[in-house]
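This briefing is for a reader who is new to the structure. Please look over the sequence and the model before reading the points below.

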Amino acid sequence: MCVGLSAKVVSVNEGTAVIDASGEVSAYLIDDLEVGDYVMVHAGVAIAKITSDDSEETDEIMESIQ
């Protein structure tokens with residue numbers, strides 16, 4: 001099973017984003033990424049933009065299975 005981590009973007013610089021959850025990730029797969037956006041991260045790569053509601057739901061699910 002693969003699990004993605006939801007995170008908020010703190011800064012963006014030339015294909016790299018710093019996120020509030022685990023530091024630096026690749027952001028090459030997402031166009032127009034901005035500070036404050038929420039992303040789904042897998043294996044050190046931001047793979048999709050998500051909403052803050054999606055992020056909260058993901059966090060709740062992860063907490064419930066731990």
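The model is predicted. Ser-6 belongs to strand E1, which spans residues 5-13, while Ser-55 sits in helix H1, residues 52-65. The side chains of Ser-6 and Ser-55 make a polar contact at 3.2 Å.

**Ser-6**
- Ser-6 has 7% relative accessibility and is therefore buried, since the cut-off for buried is under 20%.
- A polar contact at 3.1 Å joins the side chain of Ser-6 to that of Asp-59.
- Beyond four places in sequence, the contacts of Ser-6 include Ala-21, Val-39, Met-40, Ile-50 and Thr-58.

**Ser-55**
- Ser-55 counts as buried because its relative accessibility is 6%.
- Leaving aside neighbours within four places in sequence, Ser-55 is in contact with Ser-6, Tyr-38 and Ile-50.
- From Ser-55 to Val-25 the separation is 30 residues in sequence and 17 Å in space, C-alpha to C-alpha.

**Nonpolar core**
- The largest nonpolar core has 11 residues, among them Ala-7, Val-9, Ile-19, Val-25, Ile-30, Leu-33 and Val-39.
- At least two residues of this core come from each of E1, strand E2 (16-19) and strand E4 (38-42).
- In soluble globular proteins, nonpolar side chains tend to be buried together.
- Ile-30, one of the core residues, touches Val-39, Ala-46, Ile-47, Ala-48 and Lys-49 when residues up to four places away in sequence are not counted.
- Val-39, also in this core, is among the residues in contact with Ser-6.

Note on methods. Residues are numbered from 1 along each chain as its sequence is written. This is a predicted model: local features need pLDDT of at least 70, side-chain atom pairs count only at pLDDT 80 or more; totals for chains, interfaces and linings use all residues. Side-chain values use heavy atoms; hydrogens and water are left out. Helices (H or I, at least four residues) and strands (E, at least two) are DSSP runs, numbered from the N terminus. Buried means under 20% relative accessible area, exposed over 50%, partly exposed in between (1.4 Å probe, protein chains only). A polar contact is a pair of N or O atoms within 3.5 Å; within protein, one must be able to donate a hydrogen and the other to accept it, and residues adjacent in sequence count only if both atoms are side-chain atoms. Contact means heavy atoms within 4.5 Å. A nonpolar core is a set of buried Ala, Val, Leu, Ile, Met, Phe, Trp, Tyr and Cys residues joined through side-chain atoms within 4.5 Å.
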